Amino acid sequence: MASNPVNSTPPLSLPEINQVSFEDIKASLGAGYSDFKAHPLMSGFFGLFYAAFGILFVWCLAWLGWIWMVIPAAIGFPLIAPFAAAGLYEMSRRRQARKSFSWSDILSVIASQRKREMGWMAFVTLFIFWVWMYQFRTLLVIILQDSSFSDLEGFISTVLYTSEGWTFIAIGICIGAFLSTVLFTVTVISMPMLLDREMDFISAMITSFRVVTESPVVMLTWAAIIAGTLILSMVPAFLGLIFTLPILGHTTWHLYQRAVVPKD
């Protein structure tokens, strides 16, 4: 009598993880800064590209007359920072392995990611950014429907000096904090991991989630540091990102190396 077929798909194999401490954050920041100092022009290029894209994005919204979109776009823009840092992860990876590299080496690695799982992570990132923008518009219609503003100054005045505006801010902050936490949890480790290893993006997100839940206080403190640094960096017309994004990107690579047990 023939036996029933057995599902031959191997069980999901996830990397082992380590508990992360504040010392790991400190050491990773030091290593990230060292990477930036070693290649300031190349690192700064990725920060400049990110800043220029942010300026262009906000300018287009203003040019189209979508004044109400400028603030959520500026606030939500850091959500896509992990994907923008792919080139920085590769620089840190090669430098850690004591391998020399050129512009073409780094850019070719970035270009090749479209054929790998990193593209799916880009979709996840942009989807959450879209949800952030959409919920902002929904709240605007529901809460500030009776208000009128034709320019950015009028919008800010409405938000800051009316009871409806305060309600709008409170609810927006709660939703934004939730979306940011979700995105951070599934990308903080998965982005550099997908560049470093051959694995599917679901496994990478699960691993990232495990790292955050294993050391929640430390990792959420790191999330707050990233958010605060990026937001402050955008105040001078996004230009602070030229320096802060590279350092944070390099740091994230080294934190991933400490959080996940190296592959054999």
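The model is predicted, with local features requiring pLDDT of at least 70 and side-chain atom pairs counting only at pLDDT 80 or more, while totals for chains, interfaces and linings use all residues. Residues are numbered from 1 along each chain as its sequence is written, and side-chain values use heavy atoms, with hydrogens and water left out.

The secondary structure of the protein consists of 13 helices and 0 strands, where helices (H or I, at least four residues) and strands (E, at least two) are DSSP runs numbered from the N terminus. Of the 264 residues, 44% are buried (buried, under 20% relative accessible area; exposed, over 50%; partly exposed, in between; 1.4 Å probe, protein chains only). Among contacts (heavy atoms within 4.5 Å) with a separation of 6 or more, 78% join residues 24 or more positions apart.

The second largest pocket holds about 520 Å³ of space. On a 1 Å grid over the protein atoms alone, a pocket is an open set of points where a 1.4 Å probe fits, with protein on both sides within 12 Å along at least five of seven lines, and lining residues have an atom within 4 Å of a point. The volume is the space filled by probe spheres set on the points, which are joined across faces, edges and corners. The lining comprises 22 residues, of which Phe49, Ile80, Phe83, Ala84 and Ile110 lie nearest the centre of the pocket. At least two lining residues come from each of α2 (40-63), α4 (81-84), α5 (86-96), α6 (103-112) and α7 (118-143). By class, 17 lining residues are nonpolar, 4 polar and 1 charged (Ala, Val, Leu, Ile, Met, Phe, Trp, Tyr, Cys and Pro are nonpolar; Asp, Glu, Lys and Arg are charged; the others, Gly among them, are polar).

Helix α5 is mostly covered, with 8 of its 11 residues buried; Tyr89, Glu90 and Arg94 are among them. Just after α5, Arg98 adopts a positive phi of about 60°.

The axes of α9 (residues 163-187) and α11 (residues 201-214) come within 6 Å and cross at roughly 110°. Axes are lines fitted to C-alpha atoms, for helices over the stretch in contact, and angles run from 0 to 180 degrees between N-to-C directions. The two helices are therefore roughly perpendicular (65 to 115 degrees). Phe184, Thr185, Val186 and Thr187 of α9 make the contact with Met205, Ser208, Phe209 and Val212 of α11. Also in α9 is Ser163, which is partly exposed at 47% relative accessibility.

Key. Angles under 35 degrees count as roughly parallel, over 145 as roughly antiparallel, 65 to 115 as roughly perpendicular and the rest as oblique.
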